[in-house]
Amino acid sequence: METEAVVIGGGMAGILTAWHLQQAGISVVLLEAGQIGGVQTKNTTAKITSQHGMFCREFIEKKGEKAAEKYVEANQAAVEEYKRIVKQKSIACDFVECDAYVYSKDGEKLRQETEAARKLGVNASIEKELEIPEDCAGAVRFPGQARFHPLKFIEALAEELTVYEDTPVKKVDEHLILTDCARVKAGKIIFATHFPFIDFPGMYFARMHQERSYVLALENAGSLEGMYIGEGKDTLSFRQYDKYILLGGQAHRTGENREGGRYAKLKEEAARLYPGSTVAAQWSAQDCITADGIPFIGQYASDRPDWFVASGFQKWGMSSSMVSAMILTDLICGRENPYAEIFAPGRFSSEELPQIMKDGGKALKGLAKRFFQLPGETAESLQRGQGAVVETPQGKAGVYKTEENTICQVDTVCPHMGCELSWNPDERSWDCPCHGSRFDCRGNLLNGPAQEGIQHE
């Protein structure tokens, strides 16, 4: 097959980018390893907002007022573009316009953040009376945001696109894309795979890490008009969907949840905040975190002028996906985009160095653990439902003992860059603490940047 553009990845960013390119008259094909929306997009809490936590004041201090203003403008433009598309196409996706709030116990922080947001053109205000039962001084309010059902939304757009599901990309060489069953030649190639799976050029593995967070859908917990997120670490996220309140929290770096208990702690919070509520569902999500807190949207690398990337969305994948679609479409069509420079992947500043060094240290630790740390358990010592790295006659192995007392044994080495995997008891998965790849208890791939599962017996 030959086409003008190929989008690799069928999540929100990939679908939106392909759709915008097609609207601009570019012939485009989308390749998805599984099902569209089947990995990150299905797990989002789907807040469409330009309010990315308590970020305005800090962004101004680090990047300057002009850059901060462009960042906010880009994300608010993304919110408005969602509104336009939903209205124009009459998409039934449970779309609700609402306000977004970031709450805090620190009244001075609220005042400073509100002033900073207003400098950036946001009609922000401090609200003291909140709908959520959290003990706080108030919240910074951003009006005119939205929430929706992301899978219903992308289903409507995907009907207009040429999409190949169950088609994992194995290799990309300049303008040639190889899958198990096809060779696709494209003038432009867009990597919208959450975490880029090609390490060189770009070196995105050294410039990002991944984090997991957890969500409960609560019944009998009342209702909310707005969307809320807490300031600082170990805070909670709230939003309404239908009869449920979605309560999120318990974030941690991927691969660093050896003790588990994340869902249990979130359920304790739910019982404290909403006595009498019940948990209807629970799930988790994964986010790519860049060193400077700004997504990578633009040219993949200087020596790959026809490759493009969209990644590093932090906790704000919905607005960042739309920003990506608008920027990448303009770049590919040769149009000026007022926000492209802010998100350009080739940027670098000294402020990123501490986080890059920290992430590099984590990777080295993961590699060293593989070679120098001996397991403290054996397969026989595991209880049913437990997993661990154990010592076997053949050497180290990852073992999970099922509730039926059968053994699932896997290799503990991540096929991406060789770090030792860690057991996540909350999700019964093997997670990489270096770059965030994940595998189920039988070794099947769940999340990249790894492209294959781990050997299992």
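## Asp-303 and its salt bridge

Asp-303 is partly exposed, at 46% relative accessibility. Here buried means under 20% relative accessible area, exposed over 50%, and partly exposed in between (1.4 Å probe, protein chains only). The side chain of Asp-303 meets that of Arg-304 in a salt bridge, 3.7 Å from N to O. A salt bridge is a side-chain nitrogen of Lys or Arg within 4 Å of a carboxyl oxygen of Asp or Glu. Salt bridges with shared partners also join Arg-212, Glu-427, Asp-431 and Arg-438 into one network.

This is a predicted model: local features need pLDDT of at least 70, side-chain atom pairs count only at pLDDT 80 or more, and totals for chains, interfaces and linings use all residues. Residues are numbered from 1 along each chain as its sequence is written, and side-chain values use heavy atoms, leaving out hydrogens and water.

## Salt bridges across the chain

The count comes to 26 salt bridges. One of them pairs Lys-152 with Asp-94, with the closest N and O atoms 2.9 Å apart. Lys-152 sits in helix 5 (residues 150–158), and Asp-94 in the loop between helix 3 (65–89) and strand 4 (96–104), so the pair ties together parts that are 58 residues apart in sequence. Helices (H or I, at least four residues) and strands (E, at least two) are DSSP runs, numbered from the N terminus. Lys-152 is partly exposed at 33%. Asp-94 is partly exposed at 34%.

Glu-134 and Arg-272 form another salt bridge, at 3.3 Å from N to O. Glu-134 is in the loop between strand 5 (125–127) and strand 6 (138–147), while Arg-272 is in helix 6 (residues 262–273), 138 residues apart. Glu-134 is buried, at 19%. Arg-272 is partly exposed, at 48%.

## Asp-287 in strand 15

Asp-287 belongs to strand 15 (residues 278–290). Its relative accessibility is 13%, which counts as buried. Leaving aside residues up to four places away in sequence, Asp-287 touches His-194, His-209, Gln-210, Glu-211, Ser-213, Gln-314 and Lys-315. Contact means heavy atoms within 4.5 Å.

## Helix 3 against helix 7

The axes of helix 3 and helix 7 (residues 317–332) come within 8 Å and cross at roughly 90°. Axes are lines fitted to C-alpha atoms, for helices over the stretch in contact, with angles from 0 to 180 degrees between N-to-C directions. The two helices are therefore roughly perpendicular. Angles under 35 degrees count as roughly parallel, over 145 as roughly antiparallel, 65 to 115 as roughly perpendicular and the rest as oblique.

Among the residues that meet are Ala-74, Tyr-82 and Ile-85 in helix 3, and Met-318, Val-323 and Met-326 in helix 7.
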